[in-house]
Protein chains: 2
Amino acid sequence: MARMTTPSPERRKSRAVRVGTVTVGGGRPVSVQSMTNTPTAAVAATVGQIHRLAEAGCQIVRVAVPDDDAAAALAEIKSEIALPLVADIHFRSDLALKAIAAGVDKVRLNPGNIRRREDVEAVVRAAGHAGIPIRIGVNSGSVRARTGEARAAEARVDLVELMVARTLEYVAWFESLDFREIVLSLKASSAMSTMAAYRQIAGRCDYPLHLGVTAAGPAEEGVIKSAVAIGGLLAEGIGDTIRVSLTGDPVAEVHVGRQILEAAGLREPAGVQILSCPTCGRCQVDLAALVEEARRRLGKMDVSLKVAVMGCVVNGPGEAAEADVGVAMAGETGMLFAGGELLRKVPAEQVIDALIDEVRRRSATRT
Amino acid sequence: MARMTTPSPERRKSRAVRVGTVTVGGGRPVSVQSMTNTPTAAVAATVGQIHRLAEAGCQIVRVAVPDDDAAAALAEIKSEIALPLVADIHFRSDLALKAIAAGVDKVRLNPGNIRRREDVEAVVRAAGHAGIPIRIGVNSGSVRARTGEARAAEARVDLVELMVARTLEYVAWFESLDFREIVLSLKASSAMSTMAAYRQIAGRCDYPLHLGVTAAGPAEEGVIKSAVAIGGLLAEGIGDTIRVSLTGDPVAEVHVGRQILEAAGLREPAGVQILSCPTCGRCQVDLAALVEEARRRLGKMDVSLKVAVMGCVVNGPGEAAEADVGVAMAGETGMLFAGGELLRKVPAEQVIDALIDEVRRRSATRT
């Protein structure tokens, strides 16, 4: 069957960093991360949420370690999950040391919010001994808070330059301690600042980059900001692992993350991918209802196929032929395509049945 | 107040093309388009939908003109709306001539699906006389259908190259007729092919570009694909007008389109923009509920402000200070910020009231 050659970006070359069983960078597939929002010390709730995240396709999971109770829970959490576990540390280096001792697979910290240099260095040495990486996470909020420039009325702060400069200082410092198991993130709350920061850092080191937008906001805005920034960077070849931040259930972050990877051509869609047109005055059937029915019935099938559901004969046959199986409506008649060939015409009310029969037939042939 | 300088891309230089009251290209703001999905000949329904689209922020509207009844309805539709009206034509050049005679502001067609060259040329001449532009819309589906390569088993079709080559042929042809009021679109159903096609054409002519992904699919997939492709291109400075294609009510297309422009730094958010964190084990309040309450109550206010609602003291104060007004929770206490300054601490249950009072106070000062 004819297939378009989907262009995929040339990926930025990055160093490979191992996070437990998952390698980040070094040309490996871009992984999807998330973060629990249960109290970490509530082990059962946290482990339960991690299992749900893993089931949704999360590949690396992070938990906040704000206090001793959270640190004390890490070993037990680690023993009950399969995903690589990342400890998120702020302010207290002693919690990072406890997390490393508990066997976490990575530590995420911002050296700028640990007061004493020797405390940061103790964490770097401990990570080195344990053979685990550190993500240096510089967020726009923390850079701003530390510089204090937020208070300078009318000051024009070039936040992106500040974030990049700060990150490179930390990198040089860690390297001076002979530590190179580093992942970097530079998240801002605007998509454009985030993109600018990652583009700049991408050209100035070879450490793998963890992409994300901080404080992306509620539901739809957060999804769109993240898709623009993360997807746009991936489309330029930048990024080794991603985390979509959405306020709410973190499982949604994983779904959106995977869809961003699919859109960026970095992941084969799991299951059936539906192409459908927006419909217009040309369409004489309730296409949204047909799409919804196709989606519902095909969603349960464990096959990887492209299925097109198109409302009219303008682009319909072309798109339908591009998909593995497709239907294009001509008035109230559906034209069923498979493998680029018109198979037959079927009345509208039988069109989804016919589509599903054909999907079933083709997936049976494949396996 | 300290403000980050949001990086905005250097825009590709494009020729200005006038579509009724809206100018596309030439450095003008990127406009948001949509397309009705009522039967065009049903004038009341079509006009009603156009009014709803305009209210949502749509700036140019397109209607399908598949038959004589639709063409006959255009003059009446045009007389009842304020938005520039675009006629979407396929196959029949006579319908394009009727649409132009009816006073539409632009014609969209794909010269490849009108059989005779002289028929296309008659439309180009008529548009020239009427002083209206033509969008040459080359979609992956139509290119594929025309080349017939879909049937060549195992053929590796470079769809993007085909789309670009075909578009440039049409452009040269129109130019040979001394017609230059041209807008171009090259929509594919994958985000990466779409981006590749627009990137290539962007470097090879100066006509304004109408961005979109064709057959983007149902709801969430469509939103993410469109945000990645359209947002990614805009972030590279490419694109003069956009249309998000989603299966369903076209009003959603306008909302998503506007949010993509906001994310790409090309549009000031209307109303209140909420920054919020994803929450983690550090957060001791139900932040999603606070965000939802803030969103609901602030959504009604006609002020353009950034408001941060952050769950903890890690990035909270930084992000909250970056916003015009913000609150960062420290345990069950909220720290209220405005203009980069900590104003006061308030208990969790009063935090949204305090936030809204402050927003109100600041918006009163502004006007």
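**A first look**

A:Phe174 has 0% relative accessibility, so this residue counts as buried. Please keep in mind that the model is predicted.

**Aromatic rings**

- Over all chains, the structure holds four aromatic pairs.
- One of them joins A:Trp173 and A:Phe174: the ring centres are 6.0 Å apart and the planes stand at 75°, so this pair is edge-to-face.
- A:Trp173 counts as buried because its relative accessibility is 10%, and buried means under 20%.
- In chain B, the rings of B:Trp173 and B:Phe174 also form an edge-to-face pair, with 6.0 Å from centre to centre and 75° between the planes.
- B:Trp173 and B:Phe174 are both buried.
- In chain A, ring pairs link A:Trp173 and A:Phe174 with A:Phe179 into a cluster.

**Arginines over the tryptophan rings**

- Look over the face of A:Trp173 and you will find A:Arg117, at 4.1 Å from the ring centre.
- In chain B, B:Arg117 lies over the face of B:Trp173, at 4.1 Å from the ring centre.

**Helix α2 of chain B**

- Helix α2 of chain B spans residues 68–79, and its buried residues include B:Ala70, B:Ala71, B:Ala73, B:Leu74 and B:Ile77.
- Why do these residues lie on the same side of α2(B)? They cover an arc of only 160° around the axis, which puts them there.
- What do the buried residues of α2(B) pack against? Their partners in chain B are the helices α1 (43–56) and α3 (93–101), along with the strands β5 (60–64) and β6 (85–89).

**How the two chains are related**

- Chain A is superposed on chain B by a rotation of 180° with 0.0 Å of shift along its axis, and the RMSD is 0.1 Å.
- The two copies are thus related as by a two-fold rotation axis.
- The same surface serves both copies, as 100% of the contact residues of chain A recur in chain B.
- Which residue of chain A comes closest to the rotation axis? That is A:Gly232, whose C-alpha is at 2.1 Å from the axis.

Note on methods. Residues are numbered from 1 along each chain as its sequence is written. Chains are lettered from A and ligands numbered from 1 in the order in which they are written. This is a predicted model: local features need pLDDT of at least 70, side-chain atom pairs count only at pLDDT 80 or more; totals for chains, interfaces and linings use all residues. Side-chain values use heavy atoms; hydrogens and water are left out. Buried means under 20% relative accessible area, exposed over 50%, partly exposed in between (1.4 Å probe, protein chains only). Helices (H or I, at least four residues) and strands (E, at least two) are DSSP runs, numbered from the N terminus. The arc is that of the directions from the helix axis to the C-beta atoms. Contact means heavy atoms within 4.5 Å. Rings of Phe, Tyr and Trp (its six-membered ring) pair if their centres lie within 6.5 Å; planes under 30 degrees apart count as stacked, over 60 as edge-to-face and the rest as tilted. A charge sits over a ring if NZ of Lys or CZ of Arg is within 6 Å of the ring centre and within 35 degrees of the ring normal. Copies are superposed by least squares on the C-alpha atoms of residues with pLDDT of at least 70 in both.
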